[in-house]
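Here is a short briefing on one protein model. Have the sequence and the 3D view ready as you read.

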Amino acid sequence: MGWRDRPRFFYIFQMSTIPFRKMHGLGNDFVVIDSRHHPIDMTPHLARALADRRRGIGGDEIILIEPSGNAVARMGIWNPDGEEVDACGNASRCVAALLMAETRQPAVTISTNAGPLRCTDAGGGMVTVDMGLPRFNWRDIPLSQTQDALRLKLDMTGIEGPPLPPPAGVSMGNPHAVFFVDDLEKWNLAVIGPKLEHNTLFPERANITLAQQTGPSNFKMRVWERGSGLTLACGTAACATLVTASSRVTALAPSAATSRLPRRASGARRGSTATKASVRAARPASSVGSAPSSKWCRNSVARPRSQRAAAGVRS
(Lines give C-alpha, C1' and ligand atoms only; values in the text may rest on other atoms or scores of the structure.)
Protein backbone atom coordinates (compact mmCIF):
# COMPACT_ATOMS: atom_id res chain seq x y z
CA MET A 1 0.00 0.00 0.00
CA GLY A 2 1.47 3.37 -1.05
CA TRP A 3 1.22 6.70 0.80
CA ARG A 4 -1.51 7.92 -1.53
CA ASP A 5 -3.65 4.82 -0.84
CA ARG A 6 -3.51 5.01 2.94
CA PRO A 7 -6.46 6.36 4.94
CA ARG A 8 -6.42 9.66 6.79
CA PHE A 9 -5.93 8.11 10.23
CA PHE A 10 -2.62 6.65 9.00
CA TYR A 11 -1.24 10.15 8.39
CA ILE A 12 -2.42 11.34 11.80
CA PHE A 13 -0.56 8.39 13.34
CA GLN A 14 2.55 9.11 11.29
CA MET A 15 2.63 12.75 12.42
CA SER A 16 3.54 11.61 15.92
CA THR A 17 7.00 10.59 14.64
CA ILE A 18 7.82 13.71 12.57
CA PRO A 19 9.97 16.39 14.26
CA PHE A 20 8.79 19.87 13.35
CA ARG A 21 9.07 23.51 14.29
CA LYS A 22 6.15 25.94 14.22
CA MET A 23 7.21 29.35 12.84
CA HIS A 24 5.57 32.50 11.53
CA GLY A 25 6.26 35.80 9.81
CA LEU A 26 3.81 38.39 11.19
CA GLY A 27 1.24 35.65 11.75
CA ASN A 28 1.71 33.88 8.41
CA ASP A 29 2.41 30.51 10.05
CA PHE A 30 4.20 27.38 8.93
CA VAL A 31 4.95 23.82 9.94
CA VAL A 32 8.68 23.51 9.21
CA ILE A 33 10.10 20.00 8.84
CA ASP A 34 13.80 19.21 8.43
CA SER A 35 13.89 16.45 5.82
CA ARG A 36 17.65 16.49 5.20
CA HIS A 37 18.59 13.60 7.48
CA HIS A 38 15.24 11.85 7.80
CA PRO A 39 13.52 12.22 4.41
CA ILE A 40 9.77 12.79 4.42
CA ASP A 41 7.68 11.46 1.55
CA MET A 42 5.40 14.51 1.31
CA THR A 43 2.17 13.97 -0.60
CA PRO A 44 -0.98 16.07 -1.06
CA HIS A 45 -2.77 13.84 1.50
CA LEU A 46 -0.05 14.27 4.12
CA ALA A 47 0.23 18.03 3.51
CA ARG A 48 -3.52 18.46 4.00
CA ALA A 49 -3.45 16.39 7.20
CA LEU A 50 -0.52 18.32 8.67
CA ALA A 51 -2.04 21.71 7.81
CA ASP A 52 -5.44 20.87 9.33
CA ARG A 53 -5.84 23.27 12.28
CA ARG A 54 -8.28 21.03 14.15
CA ARG A 55 -7.03 17.50 13.48
CA GLY A 56 -3.40 18.14 12.54
CA ILE A 57 -0.73 20.67 13.49
CA GLY A 58 -2.17 23.61 11.56
CA GLY A 59 -0.53 26.22 9.38
CA ASP A 60 -0.80 28.35 6.27
CA GLU A 61 1.81 26.13 4.59
CA ILE A 62 3.93 23.04 5.15
CA ILE A 63 7.65 23.66 4.61
CA LEU A 64 10.25 20.97 3.95
CA ILE A 65 13.96 21.70 4.35
CA GLU A 66 15.67 19.31 1.94
CA PRO A 67 19.24 18.66 0.73
CA SER A 68 20.50 20.78 -2.16
CA GLY A 69 23.52 20.39 -4.39
CA ASN A 70 23.88 24.11 -5.16
CA ALA A 71 22.67 25.85 -1.97
CA VAL A 72 22.72 25.42 1.79
CA ALA A 73 19.35 23.68 1.50
CA ARG A 74 16.28 23.37 -0.68
CA MET A 75 12.86 24.56 0.50
CA GLY A 76 9.73 22.68 -0.56
CA ILE A 77 6.40 24.50 -0.07
CA TRP A 78 2.99 22.83 0.26
CA ASN A 79 -0.34 24.62 0.58
CA PRO A 80 -3.11 23.40 2.94
CA ASP A 81 -5.03 22.16 -0.10
CA GLY A 82 -2.17 19.73 -0.81
CA GLU A 83 -0.68 21.56 -3.79
CA GLU A 84 3.08 22.10 -4.02
CA VAL A 85 3.90 25.73 -4.90
CA ASP A 86 7.04 27.58 -5.91
CA ALA A 87 7.49 30.62 -3.67
CA CYS A 88 6.73 32.01 -0.22
CA GLY A 89 8.53 35.09 1.07
CA ASN A 90 7.67 34.66 4.75
CA ALA A 91 8.61 30.98 4.79
CA SER A 92 11.91 31.84 3.08
CA ARG A 93 12.75 34.16 5.94
CA CYS A 94 11.84 31.57 8.56
CA VAL A 95 13.95 28.88 6.91
CA ALA A 96 16.81 31.35 6.38
CA ALA A 97 16.76 32.27 10.08
CA LEU A 98 17.11 28.60 11.01
CA LEU A 99 19.89 27.95 8.49
CA MET A 100 21.87 31.05 9.45
CA ALA A 101 21.69 30.05 13.11
CA GLU A 102 22.74 26.51 12.20
CA THR A 103 25.67 27.52 9.98
CA ARG A 104 26.57 30.65 11.99
CA GLN A 105 26.73 32.57 8.73
CA PRO A 106 25.23 36.07 8.13
CA ALA A 107 23.84 35.02 4.74
CA VAL A 108 22.61 31.84 3.07
CA THR A 109 21.22 30.82 -0.30
CA ILE A 110 18.09 28.66 -0.40
CA SER A 111 17.06 26.68 -3.47
CA THR A 112 13.36 26.79 -4.42
CA ASN A 113 11.24 25.82 -7.41
CA ALA A 114 11.22 29.52 -8.33
CA GLY A 115 15.04 29.71 -8.25
CA PRO A 116 17.74 30.47 -5.67
CA LEU A 117 16.98 33.04 -2.96
CA ARG A 118 19.78 34.99 -1.28
CA CYS A 119 18.90 35.68 2.36
CA THR A 120 20.78 37.88 4.81
CA ASP A 121 20.59 38.72 8.50
CA ALA A 122 19.29 42.30 8.70
CA GLY A 123 19.70 42.53 12.49
CA GLY A 124 17.09 42.90 15.20
CA GLY A 125 15.43 39.60 14.32
CA MET A 126 14.88 40.73 10.72
CA VAL A 127 15.79 38.69 7.66
CA THR A 128 16.10 40.17 4.15
CA VAL A 129 15.36 38.02 1.12
CA ASP A 130 16.18 38.95 -2.46
CA MET A 131 13.00 37.78 -4.19
CA GLY A 132 14.47 38.21 -7.66
CA LEU A 133 13.00 39.84 -10.73
CA PRO A 134 9.25 40.45 -10.94
CA ARG A 135 7.80 39.02 -14.14
CA PHE A 136 5.12 40.89 -16.09
CA ASN A 137 4.94 38.85 -19.30
CA TRP A 138 1.51 37.27 -19.54
CA ARG A 139 3.04 33.83 -20.13
CA ASP A 140 5.22 34.12 -17.02
CA ILE A 141 2.47 35.12 -14.58
CA PRO A 142 0.79 33.05 -16.18
CA LEU A 143 -2.42 34.29 -17.82
CA SER A 144 -4.68 32.30 -20.10
CA GLN A 145 -4.54 34.97 -22.80
CA THR A 146 -2.48 37.94 -23.95
CA GLN A 147 -3.20 40.99 -21.80
CA ASP A 148 -1.57 44.13 -20.45
CA ALA A 149 -0.38 42.79 -17.08
CA LEU A 150 -0.64 46.16 -15.37
CA ARG A 151 -4.34 46.54 -16.19
CA LEU A 152 -5.98 43.16 -16.43
CA LYS A 153 -9.44 42.70 -17.86
CA LEU A 154 -11.29 40.32 -15.56
CA ASP A 155 -14.83 39.01 -15.75
CA MET A 156 -16.27 40.38 -12.49
CA THR A 157 -19.60 38.58 -12.79
CA GLY A 158 -20.76 37.46 -9.36
CA ILE A 159 -18.27 39.62 -7.43
CA GLU A 160 -20.15 41.23 -4.53
CA GLY A 161 -19.59 44.84 -3.53
CA PRO A 162 -18.78 48.02 -5.47
CA PRO A 163 -17.09 47.62 -8.87
CA LEU A 164 -13.43 46.72 -8.47
CA PRO A 165 -10.78 48.54 -10.51
CA PRO A 166 -8.76 46.50 -13.01
CA PRO A 167 -6.04 44.64 -11.11
CA ALA A 168 -2.33 44.53 -11.91
CA GLY A 169 -0.79 41.12 -12.49
CA VAL A 170 2.75 39.98 -11.73
CA SER A 171 4.69 36.87 -10.82
CA MET A 172 6.98 36.91 -7.81
CA GLY A 173 7.64 33.22 -8.29
CA ASN A 174 3.87 32.77 -7.87
CA PRO A 175 0.96 34.54 -9.60
CA HIS A 176 -0.51 37.70 -8.08
CA ALA A 177 -3.38 40.03 -8.90
CA VAL A 178 -3.31 43.34 -7.00
CA PHE A 179 -6.39 45.59 -6.78
CA PHE A 180 -5.60 49.18 -5.76
CA VAL A 181 -8.70 50.39 -3.90
CA ASP A 182 -9.65 53.47 -1.89
CA ASP A 183 -11.07 51.55 1.09
CA LEU A 184 -10.43 47.89 1.98
CA GLU A 185 -13.61 47.68 4.02
CA LYS A 186 -15.87 48.01 0.98
CA TRP A 187 -15.20 44.39 -0.02
CA ASN A 188 -15.42 41.10 1.85
CA LEU A 189 -12.29 39.34 0.63
CA ALA A 190 -13.32 36.10 2.33
CA VAL A 191 -16.28 36.01 -0.09
CA ILE A 192 -14.79 37.40 -3.30
CA GLY A 193 -11.27 36.02 -2.81
CA PRO A 194 -11.97 32.42 -3.89
CA LYS A 195 -13.97 33.60 -6.91
CA LEU A 196 -11.14 35.85 -8.08
CA GLU A 197 -8.51 33.19 -7.31
CA HIS A 198 -10.25 30.77 -9.66
CA ASN A 199 -10.96 33.27 -12.44
CA THR A 200 -10.40 31.67 -15.84
CA LEU A 201 -7.74 34.28 -16.63
CA PHE A 202 -5.48 32.52 -14.10
CA PRO A 203 -4.78 28.94 -15.26
CA GLU A 204 -2.70 28.29 -12.12
CA ARG A 205 -5.05 30.37 -9.93
CA ALA A 206 -3.74 33.55 -8.29
CA ASN A 207 -3.06 35.24 -4.99
CA ILE A 208 -5.50 38.12 -4.59
CA THR A 209 -4.55 41.37 -2.85
CA LEU A 210 -6.59 44.46 -2.00
CA ALA A 211 -4.17 47.35 -1.44
CA GLN A 212 -5.12 50.76 -0.05
CA GLN A 213 -2.54 53.54 -0.18
CA THR A 214 -2.28 55.32 3.18
CA GLY A 215 0.74 57.56 2.49
CA PRO A 216 3.38 58.38 -0.15
CA SER A 217 5.08 55.03 0.42
CA ASN A 218 2.64 53.16 2.65
CA PHE A 219 -0.06 50.61 1.92
CA LYS A 220 -2.63 48.73 3.93
CA MET A 221 -3.30 45.29 2.50
CA ARG A 222 -5.59 42.32 2.75
CA VAL A 223 -4.54 39.07 1.07
CA TRP A 224 -6.33 35.95 -0.11
CA GLU A 225 -3.68 33.30 -0.82
CA ARG A 226 -4.41 30.61 -3.36
CA GLY A 227 -4.78 27.27 -1.67
CA SER A 228 -4.71 28.84 1.81
CA GLY A 229 -7.40 31.52 2.03
CA LEU A 230 -7.16 34.67 4.13
CA THR A 231 -3.75 35.00 5.77
CA LEU A 232 -2.39 37.53 8.25
CA ALA A 233 0.60 38.33 6.04
CA CYS A 234 2.06 37.44 2.64
CA GLY A 235 5.61 38.39 1.68
CA THR A 236 5.29 37.89 -2.07
CA ALA A 237 2.01 39.86 -2.07
CA ALA A 238 3.77 42.81 -0.42
CA CYS A 239 6.48 42.64 -3.08
CA ALA A 240 3.87 42.36 -5.82
CA THR A 241 2.07 45.41 -4.43
CA LEU A 242 5.25 47.48 -4.49
CA VAL A 243 6.34 46.62 -8.01
CA THR A 244 2.88 47.10 -9.51
CA ALA A 245 2.25 50.28 -7.51
CA SER A 246 5.36 51.83 -9.04
CA SER A 247 3.48 51.79 -12.36
CA ARG A 248 -0.12 52.17 -11.21
CA VAL A 249 0.12 54.68 -8.35
CA THR A 250 1.30 58.17 -9.21
CA ALA A 251 2.08 59.55 -5.72
CA LEU A 252 4.52 56.84 -4.68
CA ALA A 253 8.12 56.93 -3.49
CA PRO A 254 9.84 55.15 -6.40
CA SER A 255 12.01 52.58 -4.65
CA ALA A 256 10.59 51.59 -1.26
CA ALA A 257 7.29 51.03 0.49
CA THR A 258 5.89 49.77 3.77
CA SER A 259 2.77 47.65 3.99
CA ARG A 260 0.50 47.30 7.00
CA LEU A 261 -1.90 44.42 7.40
CA PRO A 262 -5.29 45.26 8.95
CA ARG A 263 -6.15 44.17 12.49
CA ARG A 264 -2.61 43.11 13.32
CA ALA A 265 -1.38 43.46 16.87
CA SER A 266 1.35 46.04 17.46
CA GLY A 267 0.91 47.56 14.00
CA ALA A 268 2.94 44.86 12.24
CA ARG A 269 4.80 46.13 9.24
CA ARG A 270 7.03 44.87 6.49
CA GLY A 271 9.30 46.77 4.17
CA SER A 272 10.04 46.10 0.51
CA THR A 273 12.59 47.71 -1.76
CA ALA A 274 12.64 47.53 -5.53
CA THR A 275 15.76 47.93 -7.65
CA LYS A 276 16.31 47.56 -11.38
CA ALA A 277 17.57 44.05 -10.70
CA SER A 278 15.25 42.60 -8.09
CA VAL A 279 12.88 43.04 -5.17
CA ARG A 280 14.17 42.70 -1.62
CA ALA A 281 11.89 42.21 1.35
CA ALA A 282 12.76 42.47 5.04
CA ARG A 283 10.66 41.38 7.99
CA PRO A 284 10.83 39.33 11.21
CA ALA A 285 11.00 35.54 11.28
CA SER A 286 9.74 34.03 14.54
CA SER A 287 9.50 30.63 16.15
CA VAL A 288 6.29 29.90 18.03
CA GLY A 289 8.05 27.48 20.33
CA SER A 290 10.19 24.37 20.65
CA ALA A 291 10.89 21.64 23.14
CA PRO A 292 13.48 22.90 25.68
CA SER A 293 15.94 20.06 25.12
CA SER A 294 15.58 19.54 21.38
CA LYS A 295 16.51 21.51 18.26
CA TRP A 296 13.27 20.38 16.63
CA CYS A 297 9.99 20.29 18.48
CA ARG A 298 8.65 16.74 18.69
CA ASN A 299 4.93 16.80 19.36
CA SER A 300 2.23 14.30 18.55
CA VAL A 301 -0.94 15.69 17.06
CA ALA A 302 -2.76 12.85 18.80
CA ARG A 303 -1.84 14.29 22.22
CA PRO A 304 -4.42 16.43 24.05
CA ARG A 305 -4.42 20.14 23.26
CA SER A 306 -3.31 20.96 26.83
CA GLN A 307 -0.18 18.84 26.44
CA ARG A 308 0.67 20.41 23.06
CA ALA A 309 0.22 23.89 24.55
CA ALA A 310 2.53 22.97 27.44
CA ALA A 311 5.16 21.96 24.88
CA GLY A 312 4.97 25.42 23.30
CA VAL A 313 3.23 24.48 20.06
CA ARG A 314 0.06 26.21 18.93
CA SER A 315 -2.47 24.34 16.81
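Is Arg-104 buried or exposed? Arg-104 is exposed, with a relative accessible area of 76%. Here buried means under 20% relative accessible area, exposed means over 50%, and partly exposed is in between (1.4 Å probe, protein chains only).

This is a predicted model: local features need pLDDT of at least 70, side-chain atom pairs count only at pLDDT 80 or more, and totals for chains, interfaces and linings use all residues. Residues are numbered from 1 along each chain as its sequence is written, and side-chain values use heavy atoms, with hydrogens and water left out.

**Backbone features**

- Most residues other than glycine have a negative phi, and most peptide bonds are trans.
- Arg-104 is not a glycine, yet it has a positive phi of about 55°.
- Arg-104 sits in the loop between helix H3 (89-103) and strand S6 (107-112). Helices (H or I, at least four residues) and strands (E, at least two) are DSSP runs, numbered from the N terminus.
- Arg-205 also has a positive phi, near 65°. Its place is the loop between helix H4 (189-197) and strand S11 (207-215).
- Arg-205 is buried, with a relative accessible area of 16%.
- The peptide bond from Ile-141 to Pro-142 is cis, and its omega is near -5°.
- Pro-142 belongs to the loop between strand S8 (126-130) and strand S9 (168-171).

**Cavities**

- The structure holds two cavities of 30 Å³ or more. A cavity is a set of points, on a 1 Å grid over the protein atoms alone, where a 1.4 Å probe fits but cannot get out; lining residues have an atom within 4 Å of a point.
- The largest cavity has a volume of about 80 Å³. Grid points are joined across faces, edges and corners, and a volume is the space filled by probe spheres set on the points.
- Residues lining the largest cavity include Glu-61, Asn-79, Cys-88, Arg-226 and Thr-236.
- By class, this lining has four nonpolar, five polar and three charged residues. Ala, Val, Leu, Ile, Met, Phe, Trp, Tyr, Cys and Pro count as nonpolar, Asp, Glu, Lys and Arg as charged, and the others, Gly among them, as polar.

**Confidence**

- The protein chain averages a pLDDT (the predictor's confidence in each residue, from 0 to 100) of 81, and 74% of the residues score at least 70.
- Confidence is highest in strand S4 (residues 73-78), at a mean of 98. Confidence is lowest in helix H6 (residues 305-310), at a mean of 33.
- The pLDDT is below 50 over residues 289-315; this stretch has 50 contacts (heavy atoms within 4.5 Å) beyond near neighbours in sequence in the model.

Conventions:
On a 1 Å grid over the protein atoms alone, a cavity is a set of points where a 1.4 Å probe fits but cannot get out, and a pocket is an open set with protein on both sides within 12 Å along at least five of seven lines; lining residues have an atom within 4 Å of a point.
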